[in-house]
Amino acid sequence: MFSRTFTTKRLPLLFLTPKAPFSTHIVGDKPILVRDFIHSALYDPKHGYFSQRSGPVGVLEKSIKFNQLQGRKAYMKYLDDIYKRSDIAWFTPVELFKPWYAHGIAEAIMRTTNLSVPLKIYEIGGGSGTCAKGIMDYIMLNGPSRVYNNMTYISVEISPSLAEIQRKTVGEVRSHLSKFRVECRDAADRSGWGDVEQQPCWVIMLEVLDNLPHDLLYSENQVSPWMEVWVEKQSDRETLSELYKPLQDSLIKQCVEIIDFDKNHSSQSSAIKMARSIWSKVSPKPRRCWLPTGCLKLLEVLHEVLPKMSLIASDFSFLPDVRLPGERAPLVSTKKDGSSLDYGSYLDAKGDADIFFPTDFWLLESMDHYCSGWLKLHNDKSSKQGRKRRTITLDTSSFMEEFGLPSKTRTKDGYNPLLDDFKNTKFYLSVPTHNTK
């Protein structure tokens, strides 16, 4: 289906972005893929949203005393006051519920890890370092002394400003410093990892998947083939527009293979296909689909360099009030005068706006199996090899009820913001099986 030849098409003026000095600077004389545009808008060393300042991720001066708050109204007022007093875009769950959120993750690790080998933890995108400190605190206070004394905690952080904050946060406990280090680099860059590590380890990713670059596919109507979306400068050099090309990028093709767009279509009867074709002409509707190619690239690297890793990831399973069209579309949001402002196009992001995506946890699991090698073998009918990963997806409330201490985040009237307000977040756990060869 994708071998047919298509002419390159440009997006109508409806989707042009107004003057945006940095966003137009991202795109040079040649068009770039959407994922490269998003990566620069978020992580450009000088102008990217996460690189130019530490402001996007907040640090609470002290833990919230939930048992001193009457209920939801008091909690929301407390949060509102915090945001108004700060120039912070948002506080992560691990920050709002410190130390209990990190303690729950530490307990999950301690229950399932092999304590006969030194504990090694990698955290990707460690924010302010609150998770690292909370986990190390918990193991120091509740684990066998030999586990804490021999553990290593490595934060892989792309933002220099956040890396420095992490060092200060963890350094509040002096004994942690000899066990903790920050490597300021891109975790998805294979060259930064060095040799393959054969020892078991843990990888933690909290609210990381939502900020990984995505690619965008476009189709003219319900039956037209999908095309890659590229971003290019207009002739006036001040505006950006989209450019459509046939599928050719290898990472995009891999993602399409995993999603298997054509699976449902190939099983449909000729009558249904004919009806779809007719309807697409009578009432054509353009289609858009966002692909988590950044996540796929990261998982490929992690499975290559850490083949015996165990993974804990937490993120948003859906996002409210998304203005951009398309499946798995992101929110593009900034903060002005203490209030959030959402943009209608990702092309408006110019270093001052966050671009964050919902996580399709079914697709995350499929990509995890694909990168482990099992999904490819599974598609080979001659292979009898079992899964290489044992996986489970849990609502945040289920995870915290199993591994955390929910009583610590409960208010006087029984309201619990960690369990009641984060219905759109999930935890994904993945550990290696014996089928690792």
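Me: So buried means under 20% relative accessible area, exposed over 50%, and partly exposed in between (1.4 Å probe, protein chains only). Which is K120, buried or partly exposed?

Reply: K120 is partly exposed, with a relative accessible area of 23%. This is a predicted model, where local features need pLDDT of at least 70, side-chain atom pairs count only at pLDDT 80 or more, and totals for chains, interfaces and linings use all residues. Residues are numbered from 1 along each chain as its sequence is written, and side-chain values use heavy atoms, leaving out hydrogens and water.

Me: Thanks! What does K120 pair with in a salt bridge?

Reply: Its partner is E197, with the closest N and O atoms 3.2 Å apart. A salt bridge here is a side-chain nitrogen of Lys or Arg within 4 Å of a carboxyl oxygen of Asp or Glu. E197 counts as buried, at 17% relative accessibility.

Me: How many salt bridges are there in the whole structure?

Reply: The search finds 19. One of them joins D137 and K133 at 2.8 Å, N to O.

Me: Where do D137 and K133 sit?

Reply: In helix α6 (residues 130-142), 4 residues apart, so about one helical turn separates them. Helices (H or I, at least four residues) and strands (E, at least two) are DSSP runs, numbered from the N terminus. Both D137 and K133 are buried.

Me: Switching topic: how many disulfides?

Reply: The search finds 0, a disulfide being a pair of cysteine sulfur atoms within 2.5 Å.
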